[in-house]
Amino acid sequence: MRKGLSVLAALALGACATGPDGPADTLDAIADDYLLLQLTIGEKEEGYIDAYYGPEDVRTQAEAEAAGQTLPMLAARTKALETRAAQFADDGAPGDSLEERRARFLVAQLTAAGTRLRMMQGEKLSFADEAEGLFGVRPELPPLESFDPLLARIERLVPGKGPLWQRIDTFQKRFDMPADRVRPVMDAAIAECKRRTLDHIALPEGESFTLALVTDKPWSGYNYYQGDYHSKIEVNTDLPVRLDRAIDLGCHEGYPGHHAFNSLLERELVNGRGWQEFSVYPLYSPQSLIAEGSANYGIDLAFPGEEDVAFTRDVLAPIAGLADLDVERYIALRDAMQELGPARYTIASQYLAGEIDAARATELLQRYQLVSPERAKQSLDFIDTYRSYIINYGLGHDMVQAAIEAGDAGEDVRWERMEHLLREPTLPADLVAMAQQAE
């Protein structure tokens, strides 16, 4: 037993101790323990594990062990495993060998697991501390009044009387798809997202997904990766689905977003290298910033410039049975509204800290996200469920974009960088390094 270790930590380390009294530790051994640990934590919190397609006997073992493992015991196991992984993570800049990046990935994922376990035990963290602990980046929380000039600019796009959000909602409702047109429009959008992605990235043979329309969810779309290069994509129809969401969801949930990301990780790292840690995806981890950021940026990558306007106007609108729409103004308005994204971090931070109540948060979401009361409530439901996870969409997009487009990269280089990002062990720090190295 190593001097200074707790009994639990010593037990966690003992089987793979380095030195004359035991076999040398390896990243593969750490990965095996990581797999079991993450699945065991997942038994303590519904939704902690977003996807798993590894050995079924490990899942069975985790289910059996969970009953005898308290949260403090799991926290000790997590810290001990993080210490083991850190021995393989050099102190150099991110972006070195894949083995070194693998070790750093494990350390970062275990740091996030430790943070989540602290939260599960009742520890209260600030929004920024929580985001940094879980996702590996510390978001800025700009004052809400700093967005007022942007609101004034957006208002010029939708002149008239009444609250700005109401004018916008009235205009955007023209783009609500009839319920019976959602599936054919989504099918057409996903097919085009896939075609454009396959022009640049070779996906695994036989990859596929199923699409389902669902209700009563706090999100608008979700990808449940099943393994064997298959996903189940769900689209929430609690509120009318607007026409522009077809490309957004097709790229984000499908190609080159979550489905492509998970399929490439499975082919390259799990099947290709035997790195079993990538067969489990803990939701509250730096992997999510990469997943959501790349999925959101994938929309820009697949439909650059005005191509989303053209495809929406010329192909999707006729399928939806929507005619005489000002698609150009709609997309311009949407793009301007996306610049309001960081306001949501500030509102969520104040709400989760108890500084404002749900009614005030809903009011602020209407004002600074320019949405109807119903959509503001859905947004708040998401914040209630996923908390600081919301940073992964906007901040993640911006970090991925900076890495992919650095050095004024052309289209082919952007797609090549995207493919490497999707198929390698990538952390937020790697994105920063990519951007700096390419400048």
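Residues are classed here as buried when their relative accessible area is under 20%, as exposed when it is over 50%, and as partly exposed in between, with a 1.4 Å probe and protein chains only. The structure is a predicted model, in which local features need pLDDT of at least 70 and side-chain atom pairs count only at pLDDT 80 or more, whereas totals for chains, interfaces and linings use all residues. Residues are numbered from 1 along each chain as its sequence is written, and side-chain values use heavy atoms, with hydrogens and water left out.

The domain assignment, taken from an automatic or database source, divides the protein into domain 1 (27–135) and domain 2 (144–437), whose C-alpha centres lie 26 Å apart. Contact, defined as heavy atoms within 4.5 Å, links 36 residues of domain 1 with 44 residues of domain 2. The two domains bury about 3,500 Å² between them, 62% of it on carbon and sulfur atoms, where buried area is the accessible area (1.4 Å probe) that two parts lose on being put together, summed over both. Of the area that domain 1 buries against domain 2, Tyr53, Phe127 and Phe135 supply 27%, more than any other three residues. A salt bridge is taken as a side-chain nitrogen of Lys or Arg within 4 Å of a carboxyl oxygen of Asp or Glu, and 3 such bridges are counted between domain 1 and domain 2.

The structure as a whole holds 36 salt bridges. In one of them, the closest N and O atoms of Arg167 and Glu155 are 2.6 Å apart; Arg167 lies in helix α8 (residues 164–172) and Glu155 in helix α7 (residues 148–155), so the pair ties together parts that are 12 residues apart in sequence. Helices are DSSP runs (H or I, at least four residues), numbered from the N terminus. Arg167 is buried, with a relative accessible area of 11%, while Glu155, at 33%, counts as partly exposed. Within helix α10 (residues 245–254), Arg245 and Asp248 are 3 residues apart and therefore separated by about one helical turn, and their side chains meet in a salt bridge at 3.6 Å, N to O. Here Asp248 is buried at 8% relative accessibility, and Arg245 is partly exposed at 26%.

In helix α17 (residues 373–386), which also holds Tyr386, a salt bridge of 3.1 Å, N to O, joins the side chains of Asp381 and Lys377. Salt bridges that share partners also join Asp244, Arg245, Asp248, Asp308, Arg334 and Asp335 into one network. Tyr386 itself counts as buried at 12% relative accessibility and, not counting residues up to four places away in sequence, touches Pro218, Trp219, Tyr222, Leu283 and Tyr284.

Helix α18 (residues 391–405) has 15 residues and reaches 21 Å from its first C-alpha to its last, close to the 21 Å expected at 1.5 Å a residue, the expected span being 1.5 Å times one less than the number of residues. Its buried residues include Ile391, Leu395, His397, Met399 and Ile404, and what covers the buried residues of α18 includes α6 (127–135), α12 (286–302) and α20 (428–438). Just after α18, Gly407 takes a positive phi of about 75°.

Conventions
Helices (H or I, at least four residues) and strands (E, at least two) are DSSP runs, numbered from the N terminus.
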